[in-house]
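Here is a friendly walk through one model, strand by strand and loop by loop. Have a look at the structure first, and then we can start with the space inside.

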Amino acid sequence: MLLKRFEAKTLAEALEHVRADCGADALVVETRPTRTGYLVVAARPEAAPIKRDQTGTSTFLSKWTRGFQPLADVATDFGMTTNVLRAVERALLGTKVDLSRPGDPALPSLSARVLSALVRTELRVEDRDAAKFRTLALVGPTGVGKTTTLAKLAARARSRGERVAIITLDTYRIAAVEQLRAFADMLDVPFSVAFTPTDLRRQMPHHSDCARIFVDTTGRSPRDHEAMPLLEGNLRAGGCATLLCLAAGTRARDCKVVLDAYEPLGLDAVCLTKWDETVAPGEALATVIEHGLPLSHLCLGQEVPADIVTADAEQIASAVFNLEVAGATA
Ligand SMILES: Nc1nc2c(ncn2[C@@H]2O[C@H](COP(=O)(O)OP(=O)(O)O)[C@@H](O)[C@H]2O)c(=O)[nH]1
Ligand SMILES: [Mg+2]
């Protein structure tokens, strides 16, 4: 079989190169994240041995191999996209697992392992020694849970004994300022409002003794093209790392619009919020995977600070295939 390697920044891009070079029916035999993006190993369909069943029909004509079909059904019900599932199935073709019929006992856990390798995580967001995340801005569309997530992260930092400060750039609604001020008072941490990038820059030295500075931002529609450069200017002035909050129930097409709009800010991690409010978080999850962005947290409810967990690729992948995992929190 003539194998070709395709490397790109995101899985979606790599699969696009595969399709352009080997056609829509390309056989993807391996998919894995690399230091700079994703590597996909693929073959042209004519180079692959075409298996035929008793009726003489190519097994590649059906959407999934018979072995993978039950798992694909479960994952599709979870919202996982065909693109990502296809990559998982093709990667399994390179293993000893039997995909020709359902029932191979190794298949569910191996599928989860392959998928977990595609889920990038960023666990330094709460690492005290990660200077990059000392000043963290939460960005995202309106009402996705930015302020609530900020409060959860600030409370967790406080409970680890870190000195914390909160600054808000969200002066769009007075209620938003008051909401965050109430959280800051509850946590007994300094709180201030910045109206301009200069304001924000000026306030930073006041918090030089803080291990963490959380910056709240105004929610903007991803279609509000004028707002993005303003936000970018603010984040740059504050030297902020950027955490995108995205509601887990958002449909794949809408997620793509959000990620495309916010990616120019240089997203450092994504937090999938409102995981508890959807039965199909897979569409949002798959879009994040396809964009090659790392996940930092999942938010599982409104309660501060309880309803947040750090992203665990294995647990997430097991949830997609509805497998039990010991000690699962996601
Ligand atoms: N069910 C659920 N509700 C959430 C979650 N995160 C935030 N919320 C709620 O969503 C609403 C909007 O949250 P807020 O933090 O103000 O969103 P923002 O506009 O992005 O800052 C509030 O009622 C929150 O309590 C979550 O993970 N699950
Ligand atoms: Mg808010």
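## An enclosed space

On a 1 Å grid over the protein atoms alone, a cavity is a set of points where a 1.4 Å probe fits but cannot get out, and lining residues have an atom within 4 Å of a point. Grid points are joined across faces, edges and corners, and a volume is the space filled by probe spheres set on the points. With that in hand, a search of the whole structure turns up one cavity of 30 Å³ or more. The largest cavity holds about 30 Å³ of space.

Which residues line the largest cavity? They are V125, E126, L153, R160, R212 and F214. By class, the lining has three nonpolar residues, no polar ones and three charged ones. Here Ala, Val, Leu, Ile, Met, Phe, Trp, Tyr, Cys and Pro count as nonpolar, Asp, Glu, Lys and Arg as charged, and the others, Gly among them, as polar.

## How the model is read

This is a predicted model, in which local features need pLDDT of at least 70 and side-chain atom pairs count only at pLDDT 80 or more, while totals for chains, interfaces and linings use all residues. Residues are numbered from 1 along each chain as its sequence is written, chains are lettered from A and ligands numbered from 1 in the order in which they are written, and side-chain values use heavy atoms, with hydrogens and water left out.

Two of the cavity-lining residues, R212 and F214, bring us to strand 7, residues 212–216. Helices (H or I, at least four residues) and strands (E, at least two) are DSSP runs, numbered from the N terminus. Strand 7 is mostly covered, with five of its five residues buried. Buried means under 20% relative accessible area, exposed over 50%, and partly exposed in between (1.4 Å probe, protein chains only).

In a regular strand the side chains alternate between the two faces of the sheet. In strand 7, R212, F214 and D216 point one way and I213 and V215 the other, and all are buried. Two strands pair if DSSP finds at least two bridges between them. Strand 7 pairs in the parallel sense with strand 4 over four bridges, and L138 has D216 as its bridge partner. Strand 5 (residues 164–168) also pairs with strand 7 in the parallel sense, over five bridges, and T168 stands opposite D216.

## Strand 8, covered on both faces

Is strand 8 enclosed or open to the outside? Seven of the seven residues of strand 8 (residues 241–247) are buried, so strand 8 is largely enclosed by the rest of the structure. On one side sit A241, L243, C245 and A247, on the other T242, L244 and L246, and all are buried.

Strand 8 pairs in the parallel sense with strand 4 (residues 135–139) over four bridges, where L244 is the bridge partner of V139. Five bridges join strand 8 to strand 9 (residues 269–273), and these two run parallel. In that pairing, L243 has A269 as its bridge partner. Strand 8, helix 9 (residues 252–262) and strand 9 make a right-handed β-α-β unit; right-handed means that, with the strands pointing away from the viewer, the path from the first strand over the helix to the second runs clockwise.

T31 belongs to strand 2 (residues 27–33) and counts as buried because its relative accessibility is 6%. Leaving aside residues up to four places away in sequence, T31 touches L11, L39, V40, A87, A91 and L118, where contact means heavy atoms within 4.5 Å.

R202, in helix 7 (residues 197–203), counts as exposed at 54% relative accessibility. The C-alpha atoms of R202 and A8, 194 residues apart along the chain, are separated by 39 Å.

## Backbone details to check

The loop between strand 10 (295–299) and strand 11 (308–310) contains P305, and the peptide bond from V304 to P305 is cis, with omega near 0 degrees.

Which residue in the loop between strand 9 and helix 10 (282–290) is worth a look? K274 lies there, and its phi is near 55 degrees, a positive value in a residue other than glycine. K274 is partly exposed, at 31% relative accessible area. N322, in the segment after helix 11 (313–320), has a positive phi of about 55 degrees although it is not a glycine. N322 is exposed, with a relative accessible area of 63%.

Terms used:
1 Å grid on protein atoms, 1.4 Å probe; cavity = no way out; pocket = protein on both sides within 12 Å on 5 of 7 lines; lining within 4 Å.
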